[in-house]
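Biologist: Can we go through this one together? I'd like to start with helix packing, then look at charged pairs.

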Amino acid sequence: MRRSLIFAAALLVAVTGCGAQSSSGGGTSAIKIMAPAAPGGGWDTTSRTAEQAFKSADPNLKVEVYNVPGAGGTIGLTQLVGEKGNGNLLMTMGLVMVGAIEQNKSQVTLAETTPIAKLTEEYEIVVVPANSPFKTLQDLANAWRTDPAKVAVAGGSAGGTDHILAGLMAKAAGVDPKLVNYIAHSGGGEALNSLLGGKVAIGISGIGEFAEHVKSGKLRALGVSSPDRLQSIDAPTLKEGGLDVELANWRGFVAPGGLDDAARQSLTDLVTKMHDSAAWKDAVAKNGWIDVFQTGQPFADYLNSEAARVKGIIAEMGLVS
């Protein structure tokens, strides 16, 4: 009987310990990163870049990246919300998801997550296949004004950064944004295939997704959405091309809701260590990203302000009722 009681007590301690580890995130021995899009896009690239930086910062840390594509990241967001209290999970997200939540009338929102960190900003690039008749942004603007339906635009999810930029560009060209023939794709790889396959006229994405194809000559850059020319890519700004538009995408990490203070702080510390690593800084420079690291309440406040800002933009563009 005594041995049975000792065994039962030991088992109870073990179970209790496991429960505590689960609710508090279990320290920093292993994490998973969800990229809520198909491989090849910005969230996937950011996730896998972070994976390598995490491992560089802590060789003992086990990191796994997995993809949950669809609906501008809101399918992945729904799964994340269902992982309430899981302190070993991060999801890469950003401006695209803020717009997709409104566009798709998502039943779950970022208010049900735990904000961890804003990581980077990245300007957008407008490209065409090398054999395109569009040589300049004015060629594009003229085609839009003649018949916007004939100018198919490839980009990411409906209501996301690429879609917003297409609408703002059309408006600047004197075209109703609602008339833009926007073809949404679940990842940068799919958009690239549509471009190179001649299925669309132009493509819009983050600079990092198309830069190497511009440099190789497969694509031609018509313009970038930055206020000034960038050293990383040989292309005029949209303003230089006659379209008075600027826009920067941003990406960051959120975790499931319901985390205790210890779990939230553990993830924040882990991401901060990753951000401070040489591997991450090198990747930011290589990809032409802008370091805008922000954690805690400032990032939570930023998410709230972005939700209000983006809702206004896409409502003006007629992307939501």
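Biologist: At what angle do helix α4 and helix α11 pack?
Modeller: This is a predicted model. In it, α4 (residues 95-103) and α11 (residues 296-316) pack at about 60°, and their axes are 9 Å apart. That makes α4 oblique to α11.

Biologist: Is the crossing left-handed or right-handed?
Modeller: The crossing of α4 and α11 is right-handed.

Biologist: Which residues meet there?
Modeller: From α4, Leu95, Val98, Gly99, Glu102 and Gln103. From α11, Glu306, Ala307, Arg309, Val310, Lys311 and Ile314. The contact residues divide into five nonpolar, two polar and four charged.

Biologist: Which residue forms a salt bridge with Glu306?
Modeller: Arg309 does, with the closest N and O atoms 2.8 Å apart. Both lie in α11, three residues apart, about one turn of the helix.

Biologist: Is Glu306 buried or exposed?
Modeller: Glu306 counts as buried, at 4% relative accessibility. Arg309 is partly exposed, at 37%.

Biologist: New topic. How many salt bridges are there?
Modeller: The count comes to 11. One of them joins the side chains of Glu209 and Arg251, at 3.8 Å from N to O. Glu209 lies in helix α8 and Arg251 in strand β9, so the pair ties together parts 42 residues apart in sequence. Both residues are buried.

Methods
Residues are numbered from 1 along each chain as its sequence is written. This is a predicted model: local features need pLDDT of at least 70, side-chain atom pairs count only at pLDDT 80 or more; totals for chains, interfaces and linings use all residues. Side-chain values use heavy atoms; hydrogens and water are left out. Axes are lines fitted to C-alpha atoms, for helices over the stretch in contact, and angles run from 0 to 180 degrees between N-to-C directions. Helices (H or I, at least four residues) and strands (E, at least two) are DSSP runs, numbered from the N terminus. Angles under 35 degrees count as roughly parallel, over 145 as roughly antiparallel, 65 to 115 as roughly perpendicular and the rest as oblique. A crossing is left-handed if the near helix is turned anticlockwise from the far one by less than a right angle, and right-handed if clockwise. Contact means heavy atoms within 4.5 Å. Ala, Val, Leu, Ile, Met, Phe, Trp, Tyr, Cys and Pro count as nonpolar, Asp, Glu, Lys and Arg as charged, and the others, Gly among them, as polar. A salt bridge is a side-chain nitrogen of Lys or Arg within 4 Å of a carboxyl oxygen of Asp or Glu. Buried means under 20% relative accessible area, exposed over 50%, partly exposed in between (1.4 Å probe, protein chains only).
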